[in-house]
Amino acid sequence: MDELGDFSEQLDESEVGETLMQIPDDLPVLPLRDIVIYPFMIVPLFVSRDRSIKAVDEALSRNRMILLVSQKDADKEDPGTDDVFKVGTVAVIMRMLKLPDGRIRILTQGLSRAMLKSLNDEGEFATAKITPVSEPAAAKESLEVEALVRNVRAAMEKAAGLGKNISPEVLAIIANLEDAGRLADLCASNIELKVDDAQSVLDIFEPVERLRRVNDLLSKEIDVLTVQQEINTQARGEIDRSQREYFLRQQLKAIQAELGEGNELSEEIDLYRERIYEARMPESAEEETVRQLKKLERMHPDTAETATLRNWLDIMTTLPWSKSSKDNLDLNKAQAILDEDHFGLEKVKERIIEALAVRKLKEKPKGSILCLVGPPGVGKTSLGRSIARALNRKFVRLSLGGLHDEAEIRGHRRTYVGAMPGRIIQAIQQAETNNPLIMLDEIDKVGADFRGDPSSALLEVLDPEQNFAFRDNYLGVTFDLSNVIFMTTANMLDTIQPALRDRMEKIQLSGYTEEEKLEIAKRHLVPKQVEENGLMKKDVRFADTALRAITSEYTQEAGLRQLEREIGNICRKVARKKAVRGKRFKTVRVNKSNVPDFLGTSKVFPEEALKKNAIGIVVGLAWTAFGGDILFIEALKTKGKGKLQLTGQLGEVMQESAQAAYSYAKANASSLGIDEDDFEKYDIHVHIPEGAIPKDGPSAGITMATAVVSALSNRPVRKDVAMTGEITLRGNVLPIGGVKEKLLAARRAKIKTVILPAQNKRNLVDLPEEVSRDLTFIFVDHVRKVFDSALLAPVRKRAPGSVAGS
């Protein structure tokens, strides 16, 4: 390797003049790396390549002259013709020293520029055919030359002042050097130019042009040195400022120690600073926290604002900014946990396992917000807790029922006394991880008043496209909620704001069948109540007949809460017996016959199908927020003027359905076997019993139409048929909702046949097998088919005003 030593000197021109005429046309070549040698310079070089060492030996054996030419690529080990520049410097080797590591050190003296005509690199060392270039005569004195010389001298002095390593001896030579070419070469060799820039100076033969090029390079170098000095000054200023702040803090501590105050606050500040570092907040949050901490440091410890700021810092430093729990990505284990905690609910479990599978394949997916909709007591909230356990995440439940204040979601601003963060941030702080499962319970019961609309605030929380930068008013900085899994529960969707409803994936949880309740009671409810009431498993035994009796005679619900209460009631009575009898206590066996001994007489008298076929009485099916139910619609023909009277606290939609059914019957009287004069002579009274309970909805349309036609045509209605469906004025039957709940109610009432709209046939896919087995379905698209299926042949006419079915 060929390297530059630690000095360069100016040769006397007279010493070179004699040798210039003696330069031969063929010289050994020494390729140089990362350096360009100029005429009149003395430079030490280290030579390590074998071919280069042999070239030096050859030069010493001849006339000590060698051609120094720079490589274009310093990494090239054996450069060829195209790998070196076309202009080099002929130099004479003044001294040579062999080093212990095999390298040699030579001292070279530049003589003249030379043009490279050809390079022969086939031998042991490279040789070149050259054309020496003599230095042109000095240019005539001119203002331009004088200005250039002065500029270059001033630039070299400025560069030295800005920290460039230029020796005073070189500066002294430059100050006294008048020759433009010599000045350009000397300056170029002392400002550490890049090889390409240094070679561009060597390539210029004309002295003034060469000096102009050096002047340009010097200007760029001074610009770089100026910026470098500014950076150093700024860094030194930062260090000085930090040292000054440190000394002032030490003085402040000494003063506070002398006054006997400030030690507690100082320790508290240090603790906060340590907690901020450990929290690993995002950059913006950390900057704001540090700024507030410095503000606290300047405050008096006893001011009210100090307490407010302390509370804020406590919350900021305890929030899990970077702490998260590791997800359980074992799908089989998650499925086992879900099955262990809940019986049935296959659709929900399938959706959760799908979400877990996606999370296994993609580290941070944008999941949807699940909304579990169903009647009370079907396990919506407990399902969320089970999902959190399956995912190995912390579970936090937020009850939104009756929430009116938007600040409960977004938090209060710190300016208010007693301000605190919103419930979302509080939940994350409580979970101590930034990826819990947060269950927003009863989202359909959120209200709105003059304090704002919490539903609107939830729009940002439940939107995966926005919640990565959720801003709580109390924190004043953004918090990433994208790692949180949000689930919501509701009894009905109608009361949820449409925009909020649109952000959620709805999963319907219907009521349980009697078989499902029996299985859940055996697996979960009985063991839970036995344990909660201090009993052992062997102390009480529940027969299946007992559980069925409790379900049908003491509860009437879609869920399981009342069933659990009744089982708990029995367990408490058993616990009392055990406590009284002590060692004489024997296992209590609960069966159908002794259930009344524990719970008293039956509390529920379920609606059952009619005992016989009747005119004007039809069994309808209804959906409620608590599950399905059956209702009887009665129609009676009385003397009058053709009016339609509706009673039973019917809503507007139900009244309109009755009117549509009456109009259809009136328009199609002859084809339905109704005397058209009856519409002028008789009134029709439609009544739905249980008048204290408000009723509404379009799904009783075909039921009321059947009742009206039955009363007017004297055709009895089949006692084992129930129906549901909306009717139009043309008699078309439209689909309805809540099919599963209605069919469960029909089965409980021992109905055998159910008439449904044809478009609801798809809703039977998820129907439990035992329900499908016990019921017969008739699908209709027109009310005529309803009449054909539900009405029997006319009976003899009875006196007007007589009771239907009598």
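## Helix 5 and its ends

In this predicted model, helix 5 (residues 180-190) is largely enclosed by the rest of the structure, because ten of its eleven residues are buried, where buried stands for a relative accessible area under 20%, exposed for over 50% and partly exposed for values in between, computed with a 1.4 Å probe on protein chains only. The buried residues of helix 5 are Ala 180, Gly 181, Arg 182, Leu 183, Ala 184, Asp 185, Leu 186, Cys 187, Ala 188 and Asn 190. Helices here are DSSP runs of H or I with at least four residues, strands are runs of E with at least two, and both are numbered from the N terminus.

At the N-terminal end, helix 5 is capped by Asp 179, which places a side-chain oxygen 3.0 Å from the backbone nitrogen of Gly 181. After helix 5 comes Glu 192, with a positive phi near 55°.

## Basis of the values

Residue numbers start from 1 along each chain as its sequence is written, and side-chain values rest on heavy atoms, with hydrogens and water left out. Since the model is predicted, local features need pLDDT of at least 70 and side-chain atom pairs count only at pLDDT 80 or more, whereas totals for chains, interfaces and linings use all residues.

## Lys 164 and its contacts

Lys 164 is placed in the loop between helix 3 (143-161) and helix 4 (168-176), and with a relative accessibility of 12% it counts as buried. Its side chain is joined to that of Glu 221 by a polar contact of 2.8 Å; such a contact is a pair of N or O atoms within 3.5 Å, of which, within protein, one must be able to donate a hydrogen and the other to accept it, while residues adjacent in sequence count only if both atoms are side-chain atoms.

When residues up to four places away in sequence are not counted, Lys 164 touches Ala 159, Ile 191, Glu 192, Glu 221 and Leu 225, contact being defined as heavy atoms within 4.5 Å. Glu 192, one of these partners, is also the residue with positive phi that follows helix 5.

## Positive phi in two loops

Most residues other than glycine have a negative phi. Arg 280, in the loop between helix 8 (263-279) and helix 9 (283-298), has a positive phi near 50°, and at 59% relative accessibility it counts as exposed. Asn 714, in the loop between helix 24 (701-713) and strand 22 (721-723), has a positive phi near 60°, but at 5% relative accessibility it counts as buried.

Ser 710 belongs to helix 24 and is buried, with 0% relative accessibility. Leaving aside neighbours within four places in sequence, Ser 710 is in contact with Ala 614, Ile 615, Gly 616, Arg 715, Pro 716, Val 717 and Leu 791.

Arg 62 lies in the loop between helix 2 (50-61) and strand 5 (65-70) and is partly exposed, with a relative accessible area of 39%. Apart from residues up to four places away in sequence, Arg 62 touches Asp 26, Leu 27 and Pro 28, and its side chain reaches the backbone oxygen of Asp 26 at 3.4 Å. The C-alpha atoms of Arg 62 and Pro 28 are separated by 9.8 Å, although the two residues are 34 residues apart along the chain.

Gly 123, in the loop between strand 7 (104-120) and strand 8 (127-133), is partly exposed at 37% relative accessible area. Its C-alpha atom is 8.9 Å from that of Arg 51, at a sequence separation of 72 residues.

## The chain as a whole

The protein chain has 27 helices and 26 strands. Its radius of gyration is 49 Å, well over the 28 Å that the globule rule gives for 806 residues, so the chain is more spread out than a compact globule; the radius is taken over C-alpha atoms, and the rule is 2.2 Å times the number of residues to the power 0.38. The C-alpha trace spans about 150 × 80 × 55 Å along its principal axes.

Of the 806 residues, 47% count as buried. Among contacts with a separation of 6 or more, 74% are between residues 24 or more positions apart.
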